[in-house]
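This briefing is intended for a reader who is meeting the structure for the first time. Please view the sequence and the structure together before reading on.

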Amino acid sequence: AISGADFSSRNLFKRQYCHIIRHAEADPASLHLHTDAEVLFRETFGLEWSDAVAQGKLASAFGAVARLRMSHQELFDAWNQASAVKLAPSVQLARIVGKQGHDCFVINGFVPHWQDTFSDCPEVLVFVVEF
């Protein structure tokens, strides 16, 4: 077991969840989806992926915090109330409505809260497995 601060300072969270975090931090317009994922997006949200990109309707998880003026906890709570769809490995997306009624499609909106949770833990149990 190690402290949450040590867990955070050693970037163990980022190392474990690097692909999920990468999408939670990256510019969503740079995400290129497979045709099946674009169809799923259109069928779920009634909007073409290319239109959502062009209209600036997409936000990374960390970008959504500022854009929707929500705390990490508030984004997490909204994420849990929304219907997220998996568009690709390590890429989940949900439509989130902010406090002032503005909305956007958020990629991996659970990540900021996850990161806070691990960092704020007094102790994290870590298993090192080698093959």
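The structure is a predicted model. Its protein chain contains 8 helices and 4 strands.

**Order of elements**

- Starting at the N terminus, the elements of the protein chain follow the order α-α-α-α-α-β-α-α-β-β-β-α.

**Packing of helix 7 and helix 8**

- Two packed helices are described by the angle between their axes and the distance between the axes.
- Helix 7, residues 72–81, packs with helix 8, residues 111–120, at an angle of about 125 degrees, and their axes are 8 Å apart.
- Because of this angle, helix 7 is oblique to helix 8.
- The crossing of helix 7 and helix 8 is left-handed.
- Helix 7 contributes His-72, Gln-73, Leu-75 and Phe-76 to the contact, while helix 8 contributes Pro-112, His-113 and Asp-116.
- Sorted by class, the contact of helix 7 with helix 8 comprises 3 nonpolar, 3 polar and 1 charged residues.

**The largest pocket**

- The largest pocket holds about 270 Å³ of space.
- Its lining consists of Phe-7, Leu-12, Arg-15, Gln-16, Tyr-17, Phe-118, Val-124, Leu-125, Val-126 and Phe-127.
- Helix 2, residues 12–16, gives the most to the lining of the largest pocket, with 3 residues.
- By class, the lining of the largest pocket has 8 nonpolar, 1 polar and 1 charged residues.

Methods. Residues numbered from 1 in each chain as written. Predicted model: local features only at pLDDT ≥ 70, side-chain atom pairs only at ≥ 80, totals over all residues. Heavy atoms only, no water. Axes fitted to C-alpha atoms, helices over the stretch in contact; angles between N-to-C directions. Helix = DSSP H or I, 4+ residues; strand = E, 2+ residues; numbered from the N terminus. Parallel < 35°, antiparallel > 145°, perpendicular 65-115°, else oblique. Left-handed = near helix turned anticlockwise from the far one by under 90°. Contact = heavy atoms within 4.5 Å. Nonpolar A, V, L, I, M, F, W, Y, C, P; charged D, E, K, R; others polar. 1 Å grid on protein atoms, 1.4 Å probe; cavity = no way out; pocket = protein on both sides within 12 Å on 5 of 7 lines; lining within 4 Å. Points joined across faces, edges and corners; volume = space filled by probe spheres on them.
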